[in-house]
Amino acid sequence: MKNKNIIICSACLLGINCRYDGKNNLNKKVLDLTKKAILIPVCPEQFGGLPTPREPAEQKGNKVFTKSGKDVTKYFLKGAKEVLKIVKFFGIKEAILKQKSPSCGYGKIYDGTFSGKLIEGNGITTKLLKKKKIKIFSEEDL
Ligand code: SF4
């Protein structure tokens with residue numbers, strides 16, 4: 001069997017209902033990639049121990065808060081570390097991550113005011129993977 005490239009992927013982009021509201025962000029271009037590569041779906045927020053559905057959260061500085069003001073940073077950090085374990089296990093070099101998420105966002109994230117305003121920045125998992133030299137793409141880059 002010919003080896004396929006293995007890529008880590010935000011699970012919601014593949015149609016997994018792991019989003020904060022119990023829905024997904026199925027993306028046709030990401031789904032099409034499964035014909036050429038093995039995409040491993042991960043949801044760092046679920047890996048971190050948060051329930052689905054869950055209260056929406058946004059980054060503020062280096063922390064993450066829910067809309068009602070609860071500090072959920074530790075769950076986001078735990079989820080990022082769990083994703084990294086999978087990356088190391090398979091020797092993965094690339095990731096496709098969901099734009100704007102406080103976990104998976106790449107290049108732009110919400111500003112922490114829950115007003116829909118975007119700022120430059122990366123999600124908590126994205127930051128960790130970047131630090132480990134994983135090449136990141138968002139679904140918008142495909
Ligand atoms: S944490 Fe990532 S994978 Fe999970 S729902 Fe949010 S964007 Fe999707």
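Here are some numbered notes on this predicted model, from the overall fold down to single residues.

1. Ground rules. Residues are numbered from 1 along each chain as its sequence is written. The model is predicted, so local features need pLDDT of at least 70 and side-chain atom pairs count only at pLDDT 80 or more, while totals for chains, interfaces and linings use all residues; side-chain values use heavy atoms, with hydrogens and water left out.

2. Layout. The protein chain has 4 helices and 8 strands, in the order β-α-β-α-β-β-α-β-β-β-α-β from the N terminus. Helices here are DSSP runs of H or I with at least four residues, strands are runs of E with at least two, and both are numbered from the N terminus.

3. Overall shape. The radius of gyration is 14 Å, close to the 14 Å that the globule rule gives for 142 residues, so the protein chain is as compact as a globular protein of that length. (That radius is taken over C-alpha atoms, and the rule is 2.2 Å times the number of residues to the power 0.38.) Along the principal axes, the C-alpha atoms fill a box of roughly 50 × 30 × 25 Å.

4. Contacts and surface. Take the contacts between residues at least 6 apart in sequence: 62% of them join residues at least 24 apart, where a contact means heavy atoms within 4.5 Å. Some 43% of the 142 residues count as buried; the cut-offs are under 20% relative accessible area for buried, over 50% for exposed and partly exposed in between, with a 1.4 Å probe and protein chains only. The protein chain exposes about 8000 Å², and carbon and sulfur atoms supply 56% of that. Areas come from the Shrake-Rupley method with a 1.4 Å probe; for residues, only the protein chains shown count as cover.

5. A nonpolar core is a set of buried Ala, Val, Leu, Ile, Met, Phe, Trp, Tyr and Cys residues joined through side-chain atoms within 4.5 Å. The largest one has 21 residues, and Ile8, Phe76, Val87, Ala95 and Leu129 touch the most other members. At least two residues each come from β2 (37-42), α3 (73-90), β5 (94-97) and α4 (124-131), with α3 giving the largest share, 5 residues. There is also a second, separate core of 9 residues, which includes Leu14, Val30, Leu39 and Ile96. As background, nonpolar side chains tend to be buried together in soluble globular proteins.

6. Ile8 and Pro41. Leaving out residues up to four places away in sequence, Ile8 touches a list of residues including Ile40, Val42, Val83, Val87, Ala95 and Leu129. Pro41 sits in strand β2 and is partly exposed at 38% relative accessibility. Pro41 and Ile8 are 33 residues apart in sequence but 6.3 Å apart in space, C-alpha to C-alpha.

7. Most residues other than glycine have a negative phi, and most peptide bonds are trans. Here, a cis peptide bond joins Thr52 and Pro53, with omega about 0°; Pro53 is in the loop between α2 (44-47) and β3 (57-60). Lys100 has a positive phi of about 80°, lies in the loop between β5 and β6 (108-110) and is partly exposed at 26% relative accessible area. Phe114 has a positive phi too, near 60°. You'll find Phe114 in the loop between β6 and β7 (118-120), partly exposed at 24% relative accessibility.
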